[in-house]
Amino acid sequence: MRVAILISGGGSNMVTLVDSMTGDHPARACLVLSNNADAGGLEKARARGVPTAVVDHRPFGSDRGSFEEALSEHLSNASPDLICLAGFMRILTPVFVTRWAGKMLNIHPSLLPKYKGLNTHARALDSGDIEHGCSVHWVTAELDDGPVLGQAKVAIKADDTAESLAARVLKLEHRLYPSVLRAVSENAPLPVMIDASKR
Ligand code: GRF
């Protein structure tokens, strides 16, 4: 299976996905695509021999359609079986989501359906939640709303800040996303559930 990965920044999730696709894993990374030419993840992808491409969203301004057409051109050329959004920070229109429906996964730093959107760690803290985590889901037209394929959870500690919580959740993302990708690639049982909340 061919996997394209979309990033906007450091690409720590992309790195763990690429590094997981080895040996008898049925999938391999075929493209790392970013909306940000300065994304740190691009160099990490190149160092791993993965083809990269950049479509800077800024010249397109509010014309999301044309930006997404440029993304789809790179994706079509790479003919991916799966597309993993990994720290990709642009909202995608229903047109793009429909074009790639059934192939696109995303990782979101909350226990969906809680805390769709941004600032999830601060919101979990502010709500007084005792646990938090991350979810991998199929991408559908509504933001952070598709069927969940896996979740990993941690206990929130009394002295947690949004930063300390984010760091712990990110480590879980790096376990969850490769596990879900492998399960999807092998048609293995889903959802993948990781419970790191034991106090
Ligand atoms: C992180 O905040 C992560 O929670 C979310 O995207 C951001 C950047 O991730 N999934 P990455 O290091 O670029 O993969």
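A crossover counts as right-handed if, with the strands pointing away from the viewer, the path from the first strand over the helix to the second runs clockwise. By this criterion, E1, H1 and E2 form a right-handed β-α-β unit, whereas E7, H6 and E8 form a left-handed one. Helices (H or I, at least four residues) and strands (E, at least two) are DSSP runs numbered from the N terminus.

The model is predicted: local features need pLDDT of at least 70, side-chain atom pairs count only at pLDDT 80 or more, and totals for chains, interfaces and linings use all residues. Residues are numbered from 1 along each chain as its sequence is written, and side-chain values use heavy atoms, with hydrogens and water left out.

**Strand pairing**

Two strands pair if DSSP finds at least two bridges between them.

| Strands | Bridges | Opposing residues |
|---|---|---|
| E1 (residues 2-7) and E2 (residues 28-34) | six, parallel | Ile7 and Ser34 |
| E1 and E4 (residues 82-85) | four, parallel | Leu6 and Leu85 |

Five of the six residues of E1 are buried (under 20% relative accessible area, with exposed over 50% and partly exposed in between; 1.4 Å probe, protein chains only).

**Helix H6**

H6, the helix of the left-handed unit, has 24 residues and spans 33 Å from its first C-alpha to its last, close to the 34 Å expected. The expected span is 1.5 Å times one less than the number of residues. Buried residues of H6 include Leu165, Val169, Leu172, Leu176 and Val180. An α-helix has 3.6 residues a turn, so residues three or four places apart point the same way. Asn187, with a positive phi near 55°, follows H6.

**Largest pocket**

A pocket is an open set of points on a 1 Å grid over the protein atoms alone where a 1.4 Å probe fits, with protein on both sides within 12 Å along at least five of seven lines; lining residues have an atom within 4 Å of a point. The largest pocket has a volume of about 780 Å³. Its lining comprises 34 residues, of which Phe88, Met89, Ile107, His108 and Leu118 are the closest to the centre. Helix H1 (12-20), strand E5 (104-108), helix H5 (120-126) and helix H6 (162-185) each give two or more residues to this lining.

Definitions and conventions: Points joined across faces, edges and corners; volume = space filled by probe spheres on them.
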